[in-house]
Amino acid sequence: RKINFLFKIGIQHMLARSLPGLYRFISSPSRFQSFPLRATGVCSCMKRKMVKIGTHSGTFHCDEALGVFMLKQTAQFADGEVVRSRDPEVLKDMDVVIDVGGTYDPATHRYDHHQREFAEVFGHGFTCSKLSSAGLVYRHFGKEVISKLMNIPMDHPDMEAIYLQLYKAFIESVDAADNGVNPYDIAAPPKYLNNTTLQARVARLNPRWNEAYTDETLFQGFLKAVELTGKEFTEMVSDVVNSWLPGRGYVKEAIEQRFSVDPSGQIMRLNHYCPWKDHMYNLEKEMGVEKPILYCLYEDEREKKWRIQAVSVGPGSFENRRSMPAAWRGVRDDALSQLSGIPGCVFVHAGGFIGGDATYEGGLGMGR
């Protein structure tokens, strides 16, 4: 080492005396700032720190499995290593901790909901359940996750609508089930068992009572739960973006153009048939529709005939805002045309909630 050191000193001394310009060039650090460093020989302090996602050990559940899946869709935690523990000394070094630790603090990425004082709900009109760890992760990272899974920008004009609908269609049930919220107001026991829910299928990925209950078997089961919940969540995101959202657009268009269909503004025409009822109820509120829409007019794509359908008083109700005239109900074809004075009639259902005509004008006439 001493010989190598003396040799280097000698070379530097020789260059300084004979080639001072070259010596100043190679000895200046600023000359090499734009040159890339090779991986070989780079000190460990320059390597990227491994991000760690902490959650509890032992039996796992649907909410933290889904929460971990969502976290791994984010830029910050995509490569995160999952660590399962209840030891505070282990958890304190995690970059993010969910469903354990007794702390909800977004600033330090702590997302537990088990503390006595916890009372967070999603908001935006969703108040039936407190948030689970899945709901907490979705609250803070949901839009980024949607953006990643569907390759749409965070500032997409429909992002808020997608974000809220996805909570309604998927996340809320995970929150409610984890918090023990009954989906029905009655306390009567169910008439049959349903072991096919997402929560039940995740539970079955835990070791059975007569199987090895070890950290390794639990960890492997948990990874399967992350995959399962992630697959179903991704399918729902796709359904919301590729089916629910276009349908919402068609219904919004129909509501906006309803006065061109009839001066009353109480008959809307769908230019493209889609599931329309839930969209209509929501959009009536969002758009401030004053006079309630009574009928929806659309073409049956299979038979190429027109349907006029009464709007029920609310979601799931069998009572209509205005049913078809009682005298028309159960009557068909020419007899119905003679009775109503409208050419081309096909039928009116005995329940009075829907009728049909061979032409658009006839269907509109039935609604009027």
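Strands β8 (residues 305–310) and β10 (residues 354–357) run antiparallel and are joined by four bridges. Helices (H or I, at least four residues) and strands (E, at least two) are DSSP runs, numbered from the N terminus, and two strands pair if DSSP finds at least two bridges between them. Trp306 stands opposite Asp357 in β10.

The model is predicted: local features need pLDDT of at least 70 and side-chain atom pairs count only at pLDDT 80 or more, while totals for chains, interfaces and linings use all residues. Residues are numbered from 1 along each chain as its sequence is written, and side-chain values use heavy atoms, with hydrogens and water left out.

The open sheet has five strands in the order β6-β7-β8-β10-β9, with mixed pairing. Its edge strands, β6 (267–269) and β9 (345–348), each pair on one side only. On average, neighbouring strands of this sheet are turned by 20° against each other, direction ignored. Helix α12 (residues 360–367) packs on the sheet and touches β6, β7 (295–300), β8, β9 and β10; its direction makes about 145° with that of β10. Contact here means heavy atoms within 4.5 Å. Axes are lines fitted to C-alpha atoms, for helices over the stretch in contact, and angles run from 0 to 180 degrees between N-to-C directions.

The largest nonpolar core has 49 residues, of which Met70, Tyr138, Ile146 and Phe233 touch the most other members. Such a core is a set of buried Ala, Val, Leu, Ile, Met, Phe, Trp, Tyr and Cys residues joined through side-chain atoms within 4.5 Å. Buried means under 20% relative accessible area, exposed over 50%, and partly exposed in between (1.4 Å probe, protein chains only). The largest share of this core, ten residues, comes from α8. Leaving out residues up to four places away in sequence, Phe233 touches residues including Leu66, Phe69, Met70 and Tyr138.

| Residue | Relative accessible area |
|---|---|
| Cys62 | 5% |
| Cys296 | 0% |
| Ser129 | 5% |

The structure holds zero disulfides (a disulfide is a pair of cysteine sulfur atoms within 2.5 Å). Cys296 is in no disulfide, and the nearest cysteine sulfur, that of Cys274, is 8.1 Å away.

Ser129 lies in the loop between β5 (110–111) and α5. A polar atom of the Ser129 side chain lies 3.4 Å from the backbone oxygen of Asp175. Neighbours within four places in sequence aside, Ser129 is in contact with Val121, Asp175, Ala176, Asn179 and Val181.

Conventions
Polar contact = N/O pair within 3.5 Å; in protein donor to acceptor, adjacent residues only side chain to side chain.
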